[in-house]
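Okay, thanks everyone, let me get the model up on the screen. I'll talk for a few minutes, and you can follow along in the viewer.

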Amino acid sequence: MSLLNEIEPLKQTALADLKAAADLAALDQTKGAWIGPHGKFTALMKQLGTLSKEEKPAAGKLINAAKVELEAALAERRSELESVAALPKEPTDFSAPGRRRALGKLHPLTQVTEDIVRSFRKIGFVVADGPEIEDEYYCFDALNTPADHPARDSQDTFYLAESSPAGTGKGGAAAPGEGSREKPSLLRTHTSSVQIRVMEKQPPPVRIIIPGRVYRRDNADATHNPTFQQIEGLYVDKDVTVGDLKGTVEFVFKELLGGETKIRFRPHYFSYTEPSFEIDFSNALVKKLGKEWLEIAGCGMVHPQVFENVGYDPEIWTGWAFGFGIERIAMIRYGINDIRLFYENDVRFLKQF
Ligand code: DAH
């Protein structure tokens, strides 16, 4: 058989071999056997030189075309085998049970906060915010709380080391004209400090609520925790009365704790309100605890001195403020008997609400 006639059958066998290679290693071997330096097809090319002058061009053309075809077949098989190699080793078992994606829930304290905020929004209040690292001015002085007040005792509050973190407002390095304002030096004991920060920044009227974390030097037990959450409210306008305060609190508490909820005001003392009250409420939940009334919040009419401190004219402006603990409400609402459960992040507990 002449060389010319050998080309086509040899090419067909080579193509079949390449297609049959079962994996990349086998493909490399097949490649070597055919078009490697000692391959059968390479040997054929070497024989070209033995042909006559007339036969050479036709044979050369055929061999080149066959070589191009073999290389294309090699590349195609290689990419096929590569994509097979990239597949997972184990076949997919479509009958295996799916992976359940657990849906999260809002923390019960967040739920209560959001409910309260929603009620206040209905009557025109907006949410305000302030720093948790405070100075004594915003936490106490501006709220008319004297230096010898027990709340300022180092046993009652967390005081910080000297260095003052940035971004805590006017309480930081004193700006010109601010006199002897102190450096941020404590963790706020109540959200009432934000009342001052807001009033300093905006002229009246004011209608804000301030949810936020506060800190006290309390040992943790079933009803205390060194950090807890409060909601503060502040309303400033002309001719504001205790009746407005009572009506507002009643509206919000009925929304939060049920329509049959009753509230009552008891006289109390806070240095930043005058007169001041404590708010008790009563409903089926309270009765379940074997009580008639449960104390829930402090409140009162904003003290004229507080208005003076922020530059509001107390002859023109009147207002009320209140503050209460979120945990307390959540505990009553959900029948939780230990405040520490809120902070343990035990999903079995959190899932229930
Ligand atoms: N700041 C008080 C506390 O932490 C609560 C409070 C009482 C807030 C009376 C007020 C208020 O705004 O007027 O116990």
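Predicted model: local features only at pLDDT ≥ 70, side-chain atom pairs only at ≥ 80, totals over all residues.

Let's start with helix 7, residues 192-201. How many of its 10 residues are buried? Eight of them are, so the rest of the structure largely encloses this helix. If you want to click through them, the buried ones are Ser 192, Ser 193, Val 194, Gln 195, Ile 196, Arg 197, Val 198 and Met 199.

In the loop between helix 7 and strand 4 you come to Pro 205. Pro 275 isn't in a loop, though; you'll find Pro 275 in strand 7, residues 273-282.

Why point these out? Well, most peptide bonds are trans, and most residues other than glycine have a negative phi. On the phi side, I have two residues for you. Asp 239 has a positive phi, near 55 degrees, and Asn 345 likewise has phi near 55 degrees. Where do they sit? Asp 239 is in the loop between strand 5 and helix 8 (242-257), while Asn 345 is in the loop between helix 11 (326-334) and helix 12 (347-350). Both come out as exposed: Asp 239 has a relative accessible area of 68%, and for Asn 345 the figure is 57%.

Helix 5, residues 108-122, and helix 11 have axes that come within 9 Å and cross at roughly 100 degrees. That makes the two helices roughly perpendicular. From helix 5, the residues at this contact are Pro 108, Leu 109, Gln 111, Val 112, Thr 113, Asp 115 and Ile 116. Facing them from helix 11 are Ile 326, Glu 327, Ile 329, Ala 330, Arg 333 and Tyr 334. By type, the contact splits into eight nonpolar, two polar and three charged residues.

Okay, on to the single residues. Thr 227 is in strand 5. Buried or exposed? Thr 227 is buried, at 19% relative accessible area, with the cut-off for buried being under 20%. The Thr 227 side chain reaches the backbone oxygen of Val 214 at 3.4 Å. Setting aside neighbours within four places in sequence, the contacts of Thr 227 are Arg 213, Val 214, Tyr 215 and Tyr 343.

And finally Tyr 269, over in strand 6, residues 262-270. Tyr 269 counts as exposed, at 54% relative accessibility. What separates the C-alpha atoms of Tyr 269 and Gly 298? The two residues are 29 apart along the chain, and their C-alpha atoms are separated by 9.0 Å.

That's my tour, so over to you for questions.

Key
Residues numbered from 1 in each chain as written. Heavy atoms only, no water. Buried < 20%, exposed > 50% of the residue type's maximum accessible area, 1.4 Å probe, protein only. Helix = DSSP H or I, 4+ residues; strand = E, 2+ residues; numbered from the N terminus. Axes fitted to C-alpha atoms, helices over the stretch in contact; angles between N-to-C directions. Parallel < 35°, antiparallel > 145°, perpendicular 65-115°, else oblique. Contact = heavy atoms within 4.5 Å. Nonpolar A, V, L, I, M, F, W, Y, C, P; charged D, E, K, R; others polar. Polar contact = N/O pair within 3.5 Å; in protein donor to acceptor, adjacent residues only side chain to side chain.
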